[in-house]
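User: I'm new to this one and would like a walk through how its parts pack together. Could you start with a pair of helices?

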Amino acid sequence: MNTKLFVIPQVKGYEEDIQAAASILRSGGLVGIPTETVYGLGADALNEDAVRRIYEAKGRPSTNPLIIHVPSADWLDTYCADVPQLAYDVAEAFWPGPLTLILKAKPIIPKRTTGGLDTVAVRCPAHPVASAIIAAAGVPIAAPSANTSGRPSCTSASHVIEDMDGRIEGIVDGGDSEVGVESTILDLTSNPPCLLRPGGMPLEELIEVVGEVDIDSAVTSEIKPGVQPRAPGMAFRHYAPKAPVTVVTGSADQTAAYILKNVGKTSGVICFDEYAELFPHQTVECLGSAFNKAAQARRVFGVLRAFDSTDVTEIYAQCPDRSGLGFAVLNRLQKAAGFHIVEVAK
Ligand code: TXA
Ligand code: MG
């Protein structure tokens, strides 16, 4: 298949290309679309055949449900049942933005989209090009992250081309993803609401609006065999570069010292910018300043991806603490490491 590349940096002046991408979606095709979190692999969420092709293109297990993307909270009532007032309050506070809500699904949403569940994940993305494409398509757009299943998510159109060229009808290049980690997922079907995935919307900000929030155990620890996490996707090995990763937690100075003591010539190192010069003999990828978690979130997937074109035999990673966007960065690194974590004393 010939994958058509659209370069759409903004809405104004690119209306024709936006219509063209939307029309591929409306006719059952697959389009890689930019969002503020990561690139999504979009298809009409109401079209079972189109949705089936998402699973095929990604190599994704059919039991791992998709997020549907809508242009505004006004669409909630059409696709979700028994929507609580809290959903509207949270949407009012945070949409459009990097937050996905789990709600009861109406039967109009095919089971193939929800992975057989009676709930559905809904998000209203903040990227203006994504909103324009979804609004022009006129249907909710199912979009998992655009990576091949198991690989780090795509934060640029070139990542999507790497994973999806020839497998889908179109890719829209809307620039690098501003947030860089996927949306925060909040399950509103339970009381108190439950965090299923830390992401681009910091938990502290959510709690200010939602009040008490539980944290699903799959967020912070490895899932035991046979146990089904509430977000099915959290069960799968994820984000992993080819070389095994060890995440080192503790203060930045101490984690750097630990890594320095343990690295060899063929090791790769993921470190904060301030520590890069400690590793002149290693392949180093900088995560961003130790003091800039937004930069770390933007870079984390690109950094993990970059090692796949190197010969490193192992990777050590510094990582941030759990506050703010650090929770999402830490979680992605821990998942990339299969929860292989070394804690150095504080
Ligand atoms: O930022 C994002 O959320 C990106 C962009 C493209 O919007 N999308 C994304 O989709 O990360 P995906 O498919 O890579 O991750 C969705 C996660 C999976 O872990 C899936 O299991 C979970 O959401 N999920 C989807 N529907 C669910 C449901 N009804 N109940 C619980 N978890 C659900
Ligand atoms: Mg994903």
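Predicted model: local features only at pLDDT ≥ 70, side-chain atom pairs only at ≥ 80, totals over all residues.

User: At what angle do the axes of α10 and α11 cross?

Analyst: The axes of helix α10, residues 293-306, and helix α11, residues 326-336, cross at roughly 20° and come within 9 Å. Angles under 35 degrees count as roughly parallel, and α10 and α11 are therefore roughly parallel to each other.

User: And is the crossing of α10 and α11 left-handed or right-handed?

Analyst: The crossing in which α10 passes α11 is left-handed.

User: Let's go to the other pair. How do the axes of α1 and α5 sit?

Analyst: Helix α1 covers residues 15-26 and helix α5 covers residues 128-137, and their axes come within 8 Å and cross at roughly 55°. That angle makes α1 oblique to α5, and the crossing of these two helices is right-handed.

User: Which residues meet there, in α1 and in α5?

Analyst: From α1 there are Ile18, Gln19, Ala21, Ala22, Leu25 and Arg26, which meet Ala132, Ile133, Ala136 and Ala137 of α5. By class, the contact of α1 with α5 has 8 nonpolar residues, together with 1 polar and 1 charged.

User: Changing topic, what is the volume of the largest pocket?

Analyst: The largest pocket has a volume of about 710 Å³. It is lined by 45 residues, of which Arg60, Asn64, Pro65, Ile185 and Arg197 are the closest to its centre.

User: Which elements give two or more residues to that lining?

Analyst: Those elements are β4 (67-69), β7 (119-123), β10 (184-187) and β11 (194-197), and β7 gives the most, with 4 residues. By class, the lining of the largest pocket has 19 nonpolar, 17 polar and 9 charged residues.

User: How many cavities of 30 Å³ or more are there in the whole structure?

Analyst: A search of the whole structure finds 1 cavity of 30 Å³ or more, and about 40 Å³ of space lies in the largest cavity.

User: What lines the largest cavity?

Analyst: Its lining is made up of Thr184, Leu195, Pro198, Gly199, Met201, Pro202, Leu203, Gly324, Phe327 and Ala328.

Key. Residues numbered from 1 in each chain as written. Chains lettered and ligands numbered in written order. Heavy atoms only, no water. Axes fitted to C-alpha atoms, helices over the stretch in contact; angles between N-to-C directions. Parallel < 35°, antiparallel > 145°, perpendicular 65-115°, else oblique. Left-handed = near helix turned anticlockwise from the far one by under 90°. Contact = heavy atoms within 4.5 Å. Nonpolar A, V, L, I, M, F, W, Y, C, P; charged D, E, K, R; others polar. 1 Å grid on protein atoms, 1.4 Å probe; cavity = no way out; pocket = protein on both sides within 12 Å on 5 of 7 lines; lining within 4 Å. Points joined across faces, edges and corners; volume = space filled by probe spheres on them.
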